[in-house]
Amino acid sequence: MASGFLQDNNYLLRLVTEMAGIAVWEYDFIAGHMLRSNNHDKLYGLTWQTEWTIDTFLDATHPDDRTKGQEFIQQSILPGGPDDYAFDFRVIWPDGIIHWLWVQGRVVRRNESGQGILVRGVLVDITTRKAAENRILRISNLYRALSEINQAIVRMETEETLFPLVCRMAVDFGGMTLASIRQLNPETNLLDAVEHYGSGADYLKSTVISASDTVPEGRGPAGTAFRDGRNVIINHYLQCEMTKPWHEQAKRFGWGSSGTFPILRGGKPVAILGVYHSDEDAFDKEAIDLLDEMIRDISFSLDNFDRERENQRIRSDLLASERHFRAYFDRSMVGMATTSPATGAWLEVNGALCKMLGYSKNELMQKTWADVTHPDDIEEGHKAIQRILKGESDDFELNKRYIRKDGNIIHAHIASRVVHDENGVVDYLVTIADDITEIKNHQNQLEHLIHHDPLTGLPNRVLLNDRLDMAVAGAKRVGGNIAVCFMDLDGFKPINDTYGHATGDNLLIEVARRLTFVARATDTVARLGGDEFILVLNGLSGEDECRHLLNRIMEIFSLPFQIDRHEVSMSSSIGVAMYPDHVTDGSGLLRHADQAMYIAKQQGRNRIHFFDAVNDHLAQVRSEGLSRIEMALQNGELLLHYQPKINMRNGEVISMEALIRWQHPERGLLPPSEFLPLVENSEFEIRLSEWVITEGMAQLDAWRKSGINIWVSVNLPAKHLQSKGFVDFVLSVMSRYPDLKGRSITFEILETAALGDMGLAIRKMEDCIKQGICFSIDDFGTGYASLSYLRRLPASTIKIDQSFIRGMLDDADDLSIVKGVISLADAFQKEVIAEGVETIEHGVKLLEMGCYLGQGYAISHPMNAKDVTNWINEFKLPPEWKKSLD
């Protein structure tokens with residue numbers, strides 16, 4: 001008994017590891033080769049050999065990571081070395097593609113001297129995770145680079161300092177391999193090198209790039225981006241024809257992808273920024289949007305440099321020549337005023353200052369600088385004036401806020417300088433006020449965009465991570481519970497597809513509004529993107545309070561949304577991870593909440609699921625198995641076999657039941673019991689059922705055209721029968737085969753298939769029956785159908801479950817059930833068919849009881865479609881069955 005249990009467990013462990021893609025292995029340092037292994041060939045791309053040695057793995061390991069493996073070997077076999085180890089590394093498959101693997105293992109046996117001689121471990125492919133981490137890192141780096149550039153822009157005065165900074169930030173903080181800025185030389189029509197930074201910078205400095213498309217040097221990304229005024233993104237640099245002249249240099253310096261962006265000045269292209277990344281596909285939409293934002297900021301700064309140069313020229317002219325002061329004062333495009341340092345009264349103001357502050361000249365002359373200054377900025381201006389009165393300085397510059405006549409607040413940069421009389425005494429102050437409100441607003445917008453979702457205004461992932469870290473730190477300090485709730489909208493995509501993206505966006509905005517309304521002041525509501533929202537609930541007493549708050553959200557979401565004159569119904573699936581019950585850091589809580597949300601989706605949506613490490617892991621394993629079956633359908637690994645149903649009185653073949661099989665590339669032909677349990681009650685179950693129906697009808701049409709006049713029966717899941725588009729799907733498939741008329745197709749359903757909504761199920765069945773489709777109640781006797789249920793259901797056939805047929809020769813109870821079903825079918829005027837007719841004796845007994853239709857191994861095993869014709873021609877009725885009818 002124990003041995004069988006262990007064998008079952010070993011089989012289950014092997015099944016889980018194989019379907020999850022985990023390699024389990026055992027290496028003997030004494031023998032010098034692998035003792036046991038599975039899945040290594042899949043993870044290394046090699047053909048499995050029992051003679052695999054350490055060198056086999058080291059040769060396949062990326063050169064930069066071989067040291068890790070060598071160190072592990074040295075440490076493992078040393079006496080007293082560590083028993084456990086874990087690390088990640090890269091391997092290079094024979095086709096040249098690099099995969100990331102993660103290994104964890106233990107030294108399980110040492111010799112008498114303490115030297116390691118036997119090691120066991122597991123190996124997992126983490127290439128997808130690494131790619132996701134790299135993408136997150138790239139976007140985070142670009143955010144950081146954008147933030148660094150924005151902070152530095154306000155201190156920059158010329159492009160000579162801006163361009164080197166941009167290139168350096170793109171490489172040092174943005175994760176780029178190389179950054180390059182080229183500027184148009186009007187005399188040569190070449191894009192001259194202005195600044196380069198990173199791997200290959202020296203090469204690019206000497207490279208000639210033209211702005212003309214008449215020469216090869218102008219038909220690359222740089223010339224095209226400048227000439228067309230558009231971004232040129234190359235995500236596969238070495239495969240792109242446009243970059244062919246530079247492929248050798250790309251290999252040398254490690255350029256996997258590039259992006260080239262035109263830089264505008266005064267609305268016209270004057271330069272280009274080229275950035276190169278070591279990874280392919282490094283420039284996705286989010287990365288391009290961030291780089292676009294960077295380019296707009298650079299262009300804004302260039303325009304600002306021009307404005308600042310103009311302002312500096314104006315200031316210089318003002319201070320250089322008193323003779324021209326009056327003309328300049330009146331014509332200046334920036335606000336100007338002369339004031340008395342002692343009283344603060346204005347002596348004169350120009351029209352630009354009046355316009356900037358919204359007053360007439362007479363109204364403004366009745367006020368002072370203090371009267372129009374924001375209260376919080378008055379003290380700083382007062383201190384600057386005091387330094388002038390004390391003779392400590394002759395000028396000052398400040399950024400201040402002013403209050404316009406209409407009450408709006410503007411930001412201004414003011415520069416004030418003392419004018420002395422002929423005796424050197426302070427006469428008056430000349431002040432220039434430049435409105436920088438647009439610049440300040442732009443900076444604030446950039447800061448907001450870095451931390452907030454542009455559509456809903458909610459915190460984005462960057463700000464969410466900060467809030468999570470703060471929440472966890474606070475909970476560690478003062479105690480309390482935190483709940484991270486991962487919320488995904490159910491059925492958002494169909495709404496988006498039906499009503500359009502604008503309506504979808506408005507729906508997301510309304511969702512954000514409702515969530516914010518329900519959330520407490522101490523909570524955080526964030527949007528990760530798409531239809532995914534995060535709630536961070538702080539200071540909870542426990543799971544009950546969390547569930548109470550989330551139930552309120554579910555109630556509010558049950559109310560219809562009025563969006564763009566459409567009434568939209570929406571529900572949500574919510575996954576919850578609690579601190580400190582699950583993990584002790586924000587990223588772990590977020591990850592577990594995501595997993596819990598996925599389980600909530602699998603369990604039927606519109607529900608709340610709290611993270612459960614054990615059960616959720618099993619669900620994850622089931623999900624991975626289901627994904628493999630979905631892939632099998634895409635790869636053409638699924639096929640149909642057909643098992644005949646005959647009239648046991650005369651041997652007439654009346655039907656072929658379509659039975660699904662999986663031609664697994666490693667495990668061979670698998671029966672449905674090996675994989676269909678993973679499919680049951682999943683969203684994929686309907687898609688698989690549609691495939692079976694489509695294939696079955698196509699085969700039926702082929703048989704009919706070849707002169708074989710039989711039916712085909714298909715097992716129909718309850719979920720498919722009850723789905724919204726079932727009847728339309730069946731009709732669309734039948735429309736492809738106009739010759740399939742009459743009683744040629746039968747859907748076999750379980751007797752519980754209509755228990756949910758009897759009326760709906762009957763209506764759908766009747767719609768199909770109108771098209772000549774029949775229904776059969778499958779596995780009858782194993783469910784809970786009542787006589788009323790059986791009477792109302794428009795099925796023409798009852799199929800007795802094979803478990804009763806197989807046992808009826810030895811078990812009186814099974815025999816009684818079979819007799820009862822036959823009588824019941826006769827009473828309701830339905831045909832009856834027995835499945836599981838495995839012996840001649842079963843057929844004899846059924847014929848004696850009046851059941852003439854049968855299916856089972858005594859008649860035929862399921863067979864490939866191509867073998868059906870030969871079987872029909874060669875099948876002969878057993879003599880015993882003929883004799884029983886005499």
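# Exercises on a predicted model

Helix H18 (residues 492-499) packs against helix H19 (residues 501-518), with axes 6 Å apart and an angle of about 135° between them. The model is predicted.

## Exercise 1. Two helices in contact

Classify the orientation of H18 relative to H19, and describe the residues where H18 meets H19.

Solution. 

1. Take the angle between the two helices, about 135°.
2. Angles over 145 degrees would count as roughly antiparallel and 65 to 115 as roughly perpendicular, with the rest oblique once those under 35 are set aside as roughly parallel. H18 and H19 are therefore oblique to each other.
3. On the H18 side, the contact is formed by Phe492, Ile495, Asn496 and Tyr499. On the H19 side stand His501, Thr503, Gly504, Leu507 and Leu508.
4. Sorted by class, the contact of H18 with H19 holds 5 nonpolar and 4 polar residues, and no charged ones.

## Exercise 2. Aromatic pairs

State how many aromatic pairs the whole structure contains. Then work through the pair of Tyr642 and Trp703 and the pair of Phe747 and Phe775.

Solution. 

1. Searching the whole structure gives 14 aromatic pairs.
2. For Tyr642 and Trp703, the centres are 5.0 Å apart and the planes make an angle of 70°, an edge-to-face pair.
3. Tyr642 belongs to strand S23 (residues 638-647) and Trp703 to helix H24 (residues 684-705), so this pair ties together parts that are 61 residues apart in sequence. Tyr642 and Trp703 are both buried.
4. For Phe747 and Phe775, the ring centres are 5.8 Å apart; the planes stand at 65°, and planes over 60 degrees apart count as edge-to-face, so this pair is edge-to-face.
5. Phe747 is in strand S27 (residues 745-750) and Phe775 in strand S28 (residues 773-780), so the parts tied together are 28 residues apart in sequence.
6. Residues under 20% relative accessible area count as buried. Phe747, at 0%, is buried, and Phe775 is buried at 1%.
7. Ring pairs also build a cluster, which links Tyr203, Tyr237, Phe253, Trp255 and Tyr276.

## Exercise 3. Charges over rings

Find the ring under the charged end of Arg514 and the ring whose face Arg649 lies over.

Solution. 

1. The charged end of Arg514 sits over the ring of Phe561, 3.6 Å from the ring centre.
2. Arg649 lies over the face of Tyr852, and the distance to the ring centre is 4.0 Å.

## Exercise 4. Backbone exceptions

Most residues other than glycine have a negative phi, and most peptide bonds are trans. Examine the peptide bond joining Tyr579 and Pro580, and the phi of Asn189 and of Asp564.

Solution. 

1. The bond joining Tyr579 and Pro580 is cis, with omega about 5°. Pro580 lies in the loop between strand S21 (571-579) and helix H21 (586-602).
2. Asn189 is not a glycine, but its phi is positive, near 60°. The residue sits in the loop between strand S6 (178-185) and strand S7 (190-198). Asn189 has a relative accessible area of 35% and is partly exposed.
3. Asp564, also not a glycine, has a positive phi of about 50°. Its place is the loop between strand S19 (561-563) and strand S20 (566-568). At 33% relative accessibility, Asp564 counts as partly exposed.

## Exercise 5. The whole protein

Give the number of helices and strands, the buried share of the residues, and the share of contacts between residues 24 or more positions apart.

Solution. 

1. The protein has 33 helices and 32 strands.
2. Of its 886 residues, 48% count as buried.
3. Among contacts with a separation of 6 or more, 59% join residues 24 or more positions apart.

Definitions and conventions: Residues numbered from 1 in each chain as written. Predicted model: local features only at pLDDT ≥ 70, side-chain atom pairs only at ≥ 80, totals over all residues. Heavy atoms only, no water. Phe/Tyr/Trp six-rings, centres within 6.5 Å; stacked < 30°, edge-to-face > 60°. Helix = DSSP H or I, 4+ residues; strand = E, 2+ residues; numbered from the N terminus. Buried < 20%, exposed > 50% of the residue type's maximum accessible area, 1.4 Å probe, protein only. Lys NZ or Arg CZ within 6 Å of the ring centre and 35° of its normal. Axes fitted to C-alpha atoms, helices over the stretch in contact; angles between N-to-C directions. Contact = heavy atoms within 4.5 Å. Nonpolar A, V, L, I, M, F, W, Y, C, P; charged D, E, K, R; others polar.
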